[in-house]
Structures are given as structure tokens and as C-alpha cells.
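Hi,

Here is the structure I promised to pass on.

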Amino acid sequence: TLKPKGNLKFKDRNLEFYLDDSLSLLDEFGENEFDACITDPPYNISGYDHKKEIGWLKSNDYWAEQKKFTKISEDWDKFSNKDYVKFTKDWIQKITRVVKKNGNIIIFGSMHNIFTIGEILNELEIRIVNSIIWYKRNAFPNITQRMFCESTEYIIWAVNNNPQKAKNWTFNYNIMKELNNGKQMRNMWDVPLTPLREKKHGKHPAQKPLEVIKRLILGCTNPQDNIIDPFMGVGSIPLAADIYERGCTGIERNEEYLKIAMGRIKDKEYYKRCIGY
């Protein structure tokens, strides 16, 4: 195993956080170093091919000022369509090198990027096992009234092998059944948006609720597994991994987000209560 040369900012038990660029740092890890990857990459919502501002929002004081509606607009989430495809293919290829054969690769997405991710996985001949739909029952309403209210996000569960050879991937069926009151768990999860109590140490515009992360950790990894999250944000995946006795290496290039993640890890007992540990 190579020793990563990135900017290691935090190390505690089985957790490591790097302040670095994922595409560079992933090359510094050894092959087959991780048991699984669970990650929430940029969706390219902020600037998909640099489309114009939302006209109705720019001209509507009610939603902009009174309701405080803001569209995600972050530099880390702005790509041309062509650049986004290249970026996504690059990081997935690097992940397939560092994750063990038949290890789970779990990726969050929305209507903006999930079809791109699925096509790239097919192109790279990576086995897709399941799709999971996260239903956000309290999603923000569609103000334009020109389409259905977008109230779901998606998760692709893939296995690091080609469709013919993929086998023996981790799935803790009985644990998922127990979480679902003794019934087989379906692939649509009705979970509200991230509650304010989980943003105690700071906010991220795309922060996922710990309940969703908890299910992925318990269902698709085993205790003592080592997980890689190349787009760590404020650390929801390593936090849930640590609570449930998994290791996790997180990479984040925004120092403010990384500081929030460190604060959340240090306040782990509080977050245990948040998710009913």
C-alpha cells in the first residue's frame, strides 16, 4: 500500500480526512485498498453548461426575499456538460482501482446527473445491482408550475466487477428487514430532508440525512470495513461509518466543510441520539 501524500488534516481511530483534490489524491492509494465506496459527488446543478439565471427567481421578490429560496450555486458544482462527463468517468475509474473486486460502489445523484453516471458505469462494464429512490416528502415546491415537483434523488448501487463476474457482494438483508419492521426493505425510502439538528456544526447545500446514510452503511458494508468517500462534504458518510464501527477515508477540497466534518466527528454522541443509535 502506498502512503498517501495528500494533506492529511484529521486522523482518529479508523478515520482519515484529507484536504485535497480527489482526482489527484486517489492515485496515491494502493490497489484494492478499500472495501467499499459510498459517495455524493457534484451533481452539476449549479452551472450545467452555464445556463442562464432562473428568470422567475430573479424577478420574484416573494420567493427570493421572503421565502429565502436559493438555487445551489457553488464553484465545485459547475461544469460544462462535456467536462462533467470526463470528470465523472475519471473519478469512477480511479475508484475502481482502489476498491476491492466485488466491493460495493454506491453513488448519489439526481435527475441532472444520474443517467450520466449510469451510462458511464455501463461503459466501464461495472455491474449495477440496484437503484434506490430517496423520496423527500417535504421537498421544496416547484414554483414555476410548469412541471411535476421534483421530490426524489437517486442512489446507484454498483459492484466493482463486470456483470459476468460480479459475485458475493455485501448485502445485509436481515439487518435491512429488521430496520423495516420485519418486512423486506423496498428500494424507495421515504425520508424527510436533512433536519436542522443534523446541521448543528454548520451547513452544506447538498447535505444528506443520516437516516439515508445509515441504511447504506448497515446494508452494504460490514463492521471493520474501510470505506472511501472522495467527496466528503461535511462528513455524513464517515460520521455514520464511525458510529457503526466502520473505517472511512474522506477527501474534501473545501476547508470550511472539512472543519465542520471534524466537529461532527468529535460530537459523535450527539449524532448517535439523532439517528436513534
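Below is what turned up, starting with the sheet and moving on to the rings.

Some housekeeping: this is a predicted model, so local features need pLDDT of at least 70 and side-chain atom pairs count only at pLDDT 80 or more, while totals for chains, interfaces and linings use all residues. Residues are numbered from 1 along each chain as its sequence is written, and side-chain values use heavy atoms, with hydrogens and water left out.

The sheet: nine strands form an open sheet with mixed pairing, in the order 1-2-9-8-3-4-6-5-7. From one strand to the next, the twist averages 15°. Strands here are DSSP runs of E with at least two residues, helices are runs of H or I with at least four, and both are numbered from the N terminus. Two strands pair if DSSP finds at least two bridges between them. Strand 5 (residues 127-135) and strand 7 run parallel and are joined by three bridges; tryptophan 134 has tryptophan 189 in strand 7 as its bridge partner.

Helix 8 (residues 236-243) packs on the sheet and touches strands 2, 3, 8 and 9 (contact means heavy atoms within 4.5 Å). The direction of helix 8 makes about 165° with that of strand 9 (axes are lines fitted to C-alpha atoms, for helices over the stretch in contact, and angles run from 0 to 180 degrees between N-to-C directions).

The charged end of lysine 136 sits over the ring of tryptophan 134, 5.4 Å from its centre, and that of arginine 215 sits over the ring of tryptophan 189, 5.2 Å from its centre (NZ of Lys or CZ of Arg within 6 Å of the ring centre and within 35 degrees of the ring normal).

On to ring pairs: there are 10 aromatic pairs (Phe, Tyr or Trp rings, the six-membered one for Trp, with centres within 6.5 Å; planes under 30 degrees apart are stacked, over 60 edge-to-face, the rest tilted). Phenylalanine 29 and phenylalanine 34 are edge-to-face, because their centres are 5.3 Å apart and their planes at 65°. Phenylalanine 29 is buried at 1% relative accessibility (buried is under 20% relative accessible area, exposed over 50%, partly exposed in between, with a 1.4 Å probe and protein chains only). Tyr84, Phe87, Trp91 and Phe231 are linked into a cluster by ring pairs.

Cheers
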